[in-house]
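Hi,

Here is the structure I promised to pass on. Have a look at it first, and my notes on what turned up follow below.

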Amino acid sequence: MNLAAIIAIKYPSADLQSEVILQDDGAGAYIKIWNLPEPQPTIIEINQWAIDLETQHNLTQTKSEKLKQIDSEWASIEKAGWDSGLGYSLGIVSTDVALLAGVYLLAKEASALGLPIPDLISIDNSLISFTTLADMTMLLLRYGAARSAVAGTFATRRKAVVAALTIESLVKI
């Protein structure tokens with residue numbers, strides 16, 4: 001990172017045309033004029049700022065890459081859906097969850113009226129029929145618990161990435 005960028009980041013209100021004037025005589029930029037109320041930083045301070053800014057940039061970039069990885073893993077899980085263990089899978093994207101909740105509400109009403117329970121549709125578009133509301137309820141309770149657990153795991157990982165203070169800690173997430 002160059003000296004002008006470091007000064008601009010550390011002193012955002014400084015005018016680099018009048019208050020802080022940098023010069024480069026071929027051996028690298030240096031502060032020629034310092035007209036700020038704050039003490040002029042030493043080369044050691046400037047070098048440390050450069051290291052800190054680079055570290056922060058690398059951490060930010062690594063966090064972004066880790067979040068993309070987690071999003072990609074989530075997309076794969078969404079594509080596969082929830083395996084019921086009964087030979088079919090149910091979708092887990094939010095529209096699938098809403099649809100299943102809606103069908104369940106209709107199933108409760110149908111059952112109360114003595115009507116047939118509506119079918120669910122699996123992720124591969126096959127029909128899933130139930131003879132009793134209790135059977136559907138048990139399946140959807142298992143589904144809800146599994147969907148909640150996997151979403152919670154991913155949410156926890158995303159929060160950990162955002163809260164990470166070092167690149168090393170991101171590797172463990």
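Among the elements of the protein chain, strand β4 (residues 89-90) has the highest mean pLDDT, at 98, while helix α5 (residues 167-171) has the lowest, at 92. Keep in mind that this is a predicted model. The protein chain averages a pLDDT of 95, and 100% of the residues score at least 70.

Now to the helix packing, starting with α2 and α4. Helix α2 (residues 43-80) packs on α4 at an angle of about 170°, and the two axes are 9 Å apart. Anything over 145 degrees counts as roughly antiparallel, so that is what α2 is to α4. On the α2 side, the contact is made by Lys 63, Lys 66, Leu 67, Gln 69, Ile 70, Asp 71, Glu 73, Trp 74 and Ile 77. From α4 come Arg 147, Val 150, Ala 151, Phe 154, Arg 157, Arg 158, Val 161, Val 162 and Ala 163. Sorted by class, the contact of α2 with α4 has 10 nonpolar, seven charged and one polar residues.

Two of those charged residues deserve a look of their own. Side chains of opposite charge can pair when their charged atoms come close. Here, Arg 158 forms a salt bridge with Asp 71, with 2.6 Å between the closest N and O atoms. Because Arg 158 sits in helix α4 and Asp 71 in helix α2, the pair ties together parts that are 87 residues apart in sequence. The structure holds two salt bridges.

Helix α4 (residues 133-163) also packs against helix α3 (residues 94-112), at an angle of about 155° and with the axes 11 Å apart. α3 and α4 are therefore roughly antiparallel to each other, and their crossing is left-handed. Residues of α3 in this contact include Val 97, Leu 100, Val 103, Tyr 104 and Ala 107; among those they meet in α4 are Leu 133, Met 136, Leu 140 and Tyr 143. By class, the contact of α3 with α4 has nine nonpolar, three polar and three charged residues.

And how do α1 and α2 cross? The axes of helix α1 (residues 3-10) and α2 come within 10 Å and cross at roughly 80°, so the two helices are roughly perpendicular to each other. Leu 3, Ile 6, Ile 9 and Lys 10 of α1 make the contact with Ile 46, Trp 49, Ala 50 and Leu 53 of α2. That contact of α1 with α2 has seven nonpolar residues, one charged and no polar ones.

Cheers

Note on methods:
Residues are numbered from 1 along each chain as its sequence is written. Side-chain values use heavy atoms; hydrogens and water are left out. Axes are lines fitted to C-alpha atoms, for helices over the stretch in contact, and angles run from 0 to 180 degrees between N-to-C directions. Helices (H or I, at least four residues) and strands (E, at least two) are DSSP runs, numbered from the N terminus. Angles under 35 degrees count as roughly parallel, over 145 as roughly antiparallel, 65 to 115 as roughly perpendicular and the rest as oblique. A crossing is left-handed if the near helix is turned anticlockwise from the far one by less than a right angle, and right-handed if clockwise. Contact means heavy atoms within 4.5 Å. Ala, Val, Leu, Ile, Met, Phe, Trp, Tyr, Cys and Pro count as nonpolar, Asp, Glu, Lys and Arg as charged, and the others, Gly among them, as polar. pLDDT is the predictor's confidence in each residue, from 0 to 100. A salt bridge is a side-chain nitrogen of Lys or Arg within 4 Å of a carboxyl oxygen of Asp or Glu.
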